[in-house]
Amino acid sequence: MVLSFSQTADRIAATTKKLEKTAIVAEYLKSLPEEDAARAALFLSGRAFPAHEQSTLGMGGSLLWQVIAELSGKTDAQLHALYKTHGDLGDVAAGALPEREPKLKLADIDTAFRQIAAARGPGPKSAIVRELLARATPRDAKYVVKIITGDLRIGLKESLVEEAIAKGYGLPLAEVQRANMLLGDIGATLKLAATNQLGEARMRLFHPIDFMLASPAETAEDALSYFPDALVEDKYDGIRAQAHIANGEVRIFSRTRDDITSSFPELPDALAGLPEPAILDGEIVAWSMSGTGGSETARALPFSVLQQRLGRKKVSEKMLHEIPVAYLVFDVLYAGNELLLNVPLRERGKVVDRLLADRKPTMALRRETQSRLMFGEEDDHLGASVVRAPVFSAHSAEELEALFTAAQARGNEG
């Protein structure tokens with residue numbers, strides 16, 4: 001017997017053991033036709049749409065509450081009592097909605113999610129959700145609502161779904177992880193795994209790929225046990241951002257893969273002049289410059305300053321002037337029609353330097369002036385919109401501690 005999505009989700013939620021969760025997911029995915037397995041992998045990751053897509057459901061909790069109330073016939077007080085017991089709107093749906101014959105298919109849920117995203121206004125969105133939940137068993141409704149609210153709450157991360165795909169199809173986990181990183185689509189990754197074609201996964205410009213994140217170390221000695229001759233950069237108090245550039249078009253993505261280009265309208269012009277298509281990895285920071293007569297200094301400001309620029313559909317000229325930003329470039333992931341993830345970091349650093357040095361003149365670039373960043377007496381950098389993040393070397397714990405102290409003195413996090 002093939003379990004339903006909701007039955008499988010219940011089984012996953014019932015265990016705290018990672019290996020058992022992975023085994024349940026692997027068994028379930030293998031039991032489904034390929035298209036349904038791809039949908040299930042996506043939904044088990046807690047997503048309505050692939051990570052690379054910009055689609056959103058735009059369905060708030062209050063609208064869901066109204067739909068559940070209408071379909072259940074429960075009073076507001078009864079629903080509040082359920083919410084007080086469970087603390088989750090999906091569980092409220094499970095406790096409030098009447099029993100029905102199971103009819104809902106994964107394809108039905110996928111279609112409805114796309115219709116909700118395309119609908120404009122709360123009325124049309126609510127109507128689609130109402131129709132969807134009216135066909136759902138209480139248990140199915142629970143997980144539909146959980147996916148809509150973005151919180152599946154079954155102790156399952158996308159990384160465990162990757163492990164389940166590797167286990168289910170007998171493939172190396174590293175290959176599954178790499179394909180999913182490049183595609184930003186766990187469902188598409190599963191399809192490639194099912195046909196043993198993970199090597200066919202290709203990076204696509206203007207589709208953000210996963211960010212590589214740092215891991216903390218307790219001490220300088222601990223950090224250097226991994227990297228005896230370490231390259232060291234400041235940790236800035238800004239927004240991690242991936243910039244995709246090609247043929248004069250620039251789009252900037254946050255760590256959650258949201259397109260944030262419109263929040264920083266001065267950056268595309270500054271990046272558009274790169275000599276070839278590229279994907280840069282860096283940090284957007286609020287930026288302060290001071291000094292005159294060729295002795296300007298610049299530094300990153302706290303996130304609280306940058307936060308005033310966020311969430312705005314349009315950034316005023318006044319705000320552009322009062323809160324300028326800089327894009328500090330750490331790394332390059334793609335350049336010259338080549339993915340550079342397997343190229344050594346020092347070599348990638350040379351590519352970054354070349355790309356920035358060879359930028360073609362743009363309005364933003366002409367506005368930039370040479371300034372000195374507050375990272376040391378000898379380090380001069382381009383100090384306006386696009387800056388190569390300074391890189392230092394540390395060969396001992398003492399050197400690393402000194403760099404850490406200096407970074408904090410500059411107002412950076414570490």
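This note covers the pockets, a surface patch and the salt bridges of a predicted model.

1. Basis. The model is predicted: local features need pLDDT of at least 70, side-chain atom pairs count only at pLDDT 80 or more, and totals for chains, interfaces and linings use all residues. Residues are numbered from 1 along each chain as its sequence is written, and side-chain values use heavy atoms, with hydrogens and water left out.

2. Largest pocket. The largest pocket holds about 2,100 Å³ of space. Its lining has 50 residues, and Ala-214, Leu-231, Val-232, Glu-233 and Asp-234 are the closest to its centre. A pocket here is an open set of points on a 1 Å grid over the protein atoms alone, where a 1.4 Å probe fits, with protein on both sides within 12 Å along at least five of seven lines; lining residues have an atom within 4 Å of a point. The volume is the space filled by probe spheres set on the points, which are joined across faces, edges and corners.

3. Make-up of that lining. At least two residues each come from helix H13 (220–226), strands S1, S4 (278–290), S6 (325–335) and S11 (392–394), and helices H17 (345–357) and H19 (397–409). Helices (H or I, at least four residues) and strands (E, at least two) are DSSP runs, numbered from the N terminus. The lining of the largest pocket divides into 25 nonpolar, seven polar and 18 charged residues. The classes are nonpolar (Ala, Val, Leu, Ile, Met, Phe, Trp, Tyr, Cys and Pro), charged (Asp, Glu, Lys and Arg) and polar (the others, Gly among them).

4. Leu-231. Leu-231 sits in strand S1 (residues 230–232) and is partly exposed, with a relative accessible area of 33%. Buried means under 20%, exposed over 50%, and partly exposed in between (1.4 Å probe, protein chains only). Together with Leu-345 and Val-391, Leu-231 makes a nonpolar surface patch of about 210 Å². Patch residues have over 30% relative accessible area and no salt bridge, and nonpolar side chains (Val, Leu, Ile, Met, Phe, Trp, Tyr) are joined within 5 Å, like charges within 9 Å. Areas come from the Shrake-Rupley method with a 1.4 Å probe.

5. Second largest pocket. This pocket has a volume of about 830 Å³. It is lined by 30 residues, with Arg-47, Phe-49, Ala-51, Thr-256 and Arg-257 nearest its centre. Helix H9 (138–149) and helix H10 (158–169) are the elements that give two or more residues to the lining. By class, the lining has 10 nonpolar, 11 polar and nine charged residues.

6. A salt bridge needs a side-chain nitrogen of Lys or Arg within 4 Å of a carboxyl oxygen of Asp or Glu; the count is 26. Arg-139 and Asp-10 form one at 3.1 Å, N to O. Arg-139 is in helix H9 and Asp-10 in helix H1 (residues 5–13), so the pair ties together parts 129 residues apart in sequence. Glu-27 pairs with Arg-11, with the closest N and O atoms 3.7 Å apart. Glu-27 belongs to helix H2 (residues 18–30) and Arg-11 to helix H1, so this pair links parts 16 residues apart in sequence. Glu-27 is exposed at 52%, whereas Arg-11 is partly exposed at 37%.

7. Salt bridge within a helix, and a network. Glu-322 and Lys-318 form a salt bridge with closest N and O atoms 2.8 Å apart. They are four residues apart in helix H16 (residues 317–322), about one helical turn. Separately, Asp-88, Asp-91, Lys-146, Asp-151 and Arg-153 are linked in a network of salt bridges.
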